[in-house]
Amino acid sequence: MVLVKAKIVTPSNYDELVSALNNSKSPIVIFDLHGGHHENGGGVICLKDEVVSVYDLIEEARIPAIVVLSSCDTGPIDRNHFSTANGFLYGGAKTVLASALPILSKEASTFIYRLMLRLQEYLPIIINRERKSLRWSSFISGMIRRTYYTEFIDYLIKENLATPDKKTHLNFLCGMQVDPLQEDFHSKIKSLLSKEINLDIDEIQRILDEDFVLPECLKYLQFGSPEQVIIGSPHQIKMQANEH
């Protein structure tokens, strides 16, 4: 049985951040803080007492295989290649999840909560119960896919096209189409939503095309080689060990 544990640290300055990274053996680190990218410089992350360039950090700190950046402009589309995401890749990370645009704090917090929940609840189902290994790229893309529909449901509620009491049920219906991923899942989800909230499918499609254009979850991009990061099933690892 795999149990996911999280340790929360709040370094105030560069030295404390270096110490926290070097004292950790975790394969993943999540940065939940402010970030930025200077117009004529590189990417930075903002601690309580200090603004830190990752390109300074990587010379002294242990960088884990997986880095998640819940911070604005860590992989920006309108800046140079000296981004925070590329800095962590240069420092040894195999993959970095970063933001291409500024992100909203509430949705970013929900995103990180969902990531932790998926690690704790979904991951053991795949690698323990189903005895399958899982690519990190699939793990993250699946989470973004689910978040997309959650944010769409929230939008429908905000626009008074769905009632708040239906949110859990609608999320469940959408989740059943994406975990595991069903064939033609998007069309099926539109049909389910149309039936549940009594809204024409064509109107749902119009909202998706014209109003719900850039939800927060689509601001996150995977950098590096997420497809090469494999979370191994203990069963498969044992079987391979026995074969050798």
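Tutor: We'll go through the sheet, a surface patch and some salt bridges.
Tutor: This is a predicted model, so local features need pLDDT of at least 70 and side-chain atom pairs count only at pLDDT 80 or more, while totals for chains, interfaces and linings use all residues. Residues are numbered from 1 along each chain as its sequence is written, and side-chain values use heavy atoms, with hydrogens and water left out.

Student: OK, what is the strand order in the open sheet?
Tutor: The order is E1-E5-E6-E8, with mixed pairing. Strands (E, at least two residues) and helices (H or I, at least four) are DSSP runs, numbered from the N terminus. Two strands pair if DSSP finds at least two bridges between them.

Student: Which strands stand at the edges?
Tutor: Strand E1 (28-32) and strand E8 (220-224) do. Each has a single partner strand, so one side of each is left without a neighbour in the sheet.

Student: And in what sense do E5 and E6 pair?
Tutor: Strand E5 (residues 66-70) and strand E6 (residues 95-99) pair in the parallel sense, over three bridges. Val67 has Val96 in E6 as its bridge partner.

Student: What lies across E1, E5, E6 and E8?
Tutor: Helix H5 (residues 136-158) does, running at about 175 degrees to E8. Axes are lines fitted to C-alpha atoms, for helices over the stretch in contact (heavy atoms within 4.5 Å). Angles run from 0 to 180 degrees between N-to-C directions.

Student: New topic. How many salt bridges does the structure hold?
Tutor: Ten. A salt bridge is a side-chain nitrogen of Lys or Arg within 4 Å of a carboxyl oxygen of Asp or Glu. One of them joins Arg118 and Asp179, with the closest N and O atoms 3.0 Å apart.

Student: Where do Arg118 and Asp179 lie?
Tutor: Arg118 lies in helix H4 (residues 105-129) and Asp179 in the loop between helix H6 (167-178) and helix H7 (185-197), so the pair ties together parts that are 61 residues apart in sequence.

Student: Are both of them buried or exposed?
Tutor: Both Arg118 and Asp179 are buried. Buried means under 20% relative accessible area, exposed over 50%, and partly exposed in between (1.4 Å probe, protein chains only).

Student: What about Asp154 and Lys167?
Tutor: Their side chains meet in a salt bridge (2.8 Å, N to O). Asp154 lies in helix H5 and Lys167 in helix H6, so the pair ties together parts that are 13 residues apart in sequence. Asp154 is partly exposed, with a relative accessible area of 31%, and Lys167 is partly exposed at 30%.

Student: Last one: which residues make the nonpolar surface patch?
Tutor: Val213, Leu214 and Leu218 make the patch, which is about 270 Å². Patches are made of residues with over 30% relative accessible area and no salt bridge; like charges are joined within 9 Å, and nonpolar side chains (Val, Leu, Ile, Met, Phe, Trp, Tyr) within 5 Å. Accessible areas come from the Shrake-Rupley method with a 1.4 Å probe, and for residues only the protein chains shown count as cover.
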